[in-house]
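Please look at the sequence and the model together, and keep both in view while reading the paragraphs below.

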Amino acid sequence: MTGASLNAARRAAELDALASGEAVDLVVVGGGITGAGVALDAASRGLSVALLERRDLAHGTSRWSSKLIHGGLRYLEHREFGLAWESARERALLMGTIAPHLVRPLPFVTPLDAGMPARKAAKTHVGLRIGDGLRIGARTSRRVLPPARRISALEARRLAPALAEGGLRGALLSWDGQLEDDARLVVAVARTAAAHGARILTYASVTGVRDDGVDAVDALTGAAFSVRARHVILATGVWAGELSPAVELRPSRGSHLLVPAGRLGDPRAAVNVPVPGGRGRWVFALPRADGLVAIGLTDVAADGPVPDEPAPSAEEEATLLEHAGAALEVSLGPEDVAGRYAGLRPLLAGSETETADLSRRHAVIEDPETGALTAVGGKLTTYRAMAQDAVDRITEQPCRTARLALVGAGAAAAAPPRLIRRFGAEAAAVAELGSTEPLAPGVPVCEAELRWATAHELAITPEDLSDRRTRAGLVPEWREVVLAAARATIPGWSSAVSPPPTSTTSTS
Ligand SMILES: Cc1cc2nc3c(=O)[nH]c(=O)nc-3n(C[C@H](O)[C@H](O)[C@H](O)COP(=O)(O)OP(=O)(O)OC[C@H]3O[C@@H](n4cnc5c(N)ncnc54)[C@H](O)[C@@H]3O)c2cc1C
């Protein structure tokens with residue numbers, strides 16, 4: 001447990017040791033899911049590892065996803081069988097061994113209505129059956145993810161009460177994995193890496209890559225330092241081109257809206273609606289455990305400077321409301337939107353494929369100047385396989401992560417449901433640290449979570465608590481409440497030690 005505990009004091013001590021000249025086998029740059037996965041993979045193979053993240057864990061794309069651990073159904077439409085199989089296999093590992101506490105089965109309802117002519121419905125059903133075949137091949141039990149089947153209109157409306165009744169002939173019911181939260185997965189992977197000896201340093205910005213390590217700046221003090229390393233793996237996502245000119249990206253933005261579940265009749269299933277004219281594109285409404293429904297997803301070219309925090313455009317918001325509304329009885333407007341977020345897909349430039357499809361492939365690219373490897377692309381679902389590919393390039397030690405459970409996996413003792421969902425086997429220990437009552441009416445965050453994140457999850461600034469550990473930041477009203485509580489929670493916190501905001505940077 002101590003080994004998995006990350007906090008400001010451990011960060012300072014480990015940063016000092018590295019800055020004083022202690023060398024490591026591997027420096028990983030970037031603390032999103034890719035970097036955390038690489039750090040865990042390498043540390044669990046016995047390598048000494050330091051991960052440097054310029055902001056907080058999961059500051060980048062890894063917290064702006066749809067939060068699905070999906071079996072790769074959509075790749076089947078593009079005949080990407082290898083990708084689909086990899087997804088189904090990784091989903092089985094995540095739901096079975098690695099993080100069963102963070103991934104849960106989610107039913108999906110695909111309405112058979114005017115937007116789904118019989119031919120398209122039949123094709124979709126065949127795709128779902130192939131998906132079932134992959135599930136069986138990957139050994140995910142039907143008790144975890146039941147097989148797809150056709151259901152009646154009545155049953156569909158029981159699962160998703162806001163579905164429009166007119167023209168509804170029935171629906172296809174299928175199942176996939178849903179993450180409690182993407183940023184929590186990143187934190188769990190990083191802490192598990194720490195338990196294997198990895199040094200996890202947030203607010204440590206890498207300014208240059210050399211053939212014997214990296215140059216960096218401690219964003220909390222402004223002090224420059226270097227870390228000596230035999231290997232460097234860059235996992236800087238959409239910012240990859242900044243440190244390795246060998247990597248050229250063409251990012252695309254995907255946006256989500258968050259609507260109170262009550263507006264959609266408190267659905268128990270996600271609704272999947274094909275986008276008219278979009279090959280293999282769907283708009284979905286995903287019910288979440290925090291009383292919100294996430295409506296996504298757009299795919300808009302995002303050339304030019306890479307913003308620190310992307311935001312959905314008004315046009316994307318209107319498009320999402322319109323497409324979701326086409327299958328729903330409820331007419332949604334901007335006044336129904338409690339929160340909104342956007343993420344940038346780190347897409348490799350140079351392919352003619354539609355951007356959303358490209359993002360799912362990953363690549364490990366070597367910089368000819370420094371020898372550093374960049375691991376880019378992929379998705380949350382396949383982070384483990386991507387990390388394995390990258391680390392295979394620097395060691396012959398066998399990969400161990402397929403059978404390695406993350407911190408929090410395992411039986412949970414009695415604790416409030418939110419804590420069990422988010423902390424698994426650690427929930428009872430979290431509950432011991434403070435009040436488990438909501439911080440304010442309707443705000444699903446408690447004091448105990450804030451104290452735990454500060455003591456064990458490397459939350460250093462109030463924003464780390466509001467925006468990454470608790471995700472209150474997804475709803476502006478919740479954020480204000482949590483930020484106020486967070487400022488009072490962090491020992492000795494003063495805005496004087498707040499790291500300066502990162503300025504907007506360019507991709508290439
Ligand atoms: C809208 C959207 C929805 C998605 N939905 C899903 C989904 O449902 N399921 C799924 O499996 N996948 C999904 N994905 C894909 C998945 O989110 C990404 O593939 C994944 O999060 C990328 O992680 P990463 O670690 O490579 O990048 P990031 O999470 O962006 O991490 C890169 C990190 O590098 C840091 N960094 C950058 N430069 C430096 C530097 N110089 N020094 C130190 N640190 C630095 C950044 O601060 C950042 O934290 C989605 C993607 C998008 C955009």
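This is a predicted model: local features need pLDDT of at least 70, side-chain atom pairs count only at pLDDT 80 or more; totals for chains, interfaces and linings use all residues.

Residues are numbered from 1 along each chain as its sequence is written, and side-chain values use heavy atoms, with hydrogens and water left out.

Side chains of opposite charge can pair when their charged atoms come close. The structure holds 39 salt bridges, a salt bridge being a side-chain nitrogen of Lys or Arg within 4 Å of a carboxyl oxygen of Asp or Glu. One of them joins the side chains of Asp56 and Arg468, with 2.8 Å from N to O. Asp56 lies in the loop between β2 (49-52) and β3 (68-69), whereas Arg468 belongs to helix α15, so this pair ties together parts that are 412 residues apart in sequence. The element names come from DSSP runs, numbered from the N terminus, with helices being H or I runs of at least four residues and strands being E runs of at least two. Both Asp56 and Arg468 are buried, where buried means under 20% relative accessible area, exposed means over 50%, and partly exposed is in between (1.4 Å probe, protein chains only).

Helix α9 (residues 314-327) contributes Glu316 to a link between distant parts of the chain, since its partner Arg253 is in strand β11 (residues 252-260), 63 residues apart. The side chains of Arg253 and Glu316 meet in a salt bridge of 2.8 Å, N to O. Arg253 is buried, with a relative accessible area of 16%, and Glu316 is buried as well, with a value of 4%. A further salt bridge, also 2.8 Å from N to O, is formed by the side chains of Glu317 and Arg340. Glu317 lies in helix α9 and Arg340 in strand β17 (residues 339-345), so this pair ties together parts that are 23 residues apart in sequence. Glu317 is buried at 12% relative accessible area, whereas Arg340 is partly exposed at 39%. Salt bridges that share partners also join Arg104, Glu180, Arg418, Arg421, Arg422 and Glu449 into one network.

Glu449 is among the buried residues of helix α14, as are Leu450 and Trp452. This helix (residues 447-456) is mostly covered, with seven of its 10 residues buried, and α14 is followed by Leu458, whose phi is positive, near 65 degrees.

How do two helices pack against each other? Helix α15 (residues 462-469) and helix α16 (residues 476-489) pack at an angle of about 140 degrees, with their axes 8 Å apart. Here axes are lines fitted to C-alpha atoms, for helices over the stretch in contact, and angles run from 0 to 180 degrees between N-to-C directions. The two helices α15 and α16 are therefore oblique to each other, given that angles under 35 degrees count as roughly parallel, over 145 as roughly antiparallel, 65 to 115 as roughly perpendicular and the rest as oblique. Their contact (heavy atoms within 4.5 Å) is made by residues including Pro462 and Leu465 of α15 and Val482 and Leu483 of α16.

Finally, Ala148 lies in the loop between α5 (118-137) and β5 (149-151), and Ala148 is buried, with a relative accessible area of 10%. Leaving aside its neighbours within four places in sequence, Ala148 is in contact with Leu128, Asp132, Leu173 and Ser174.
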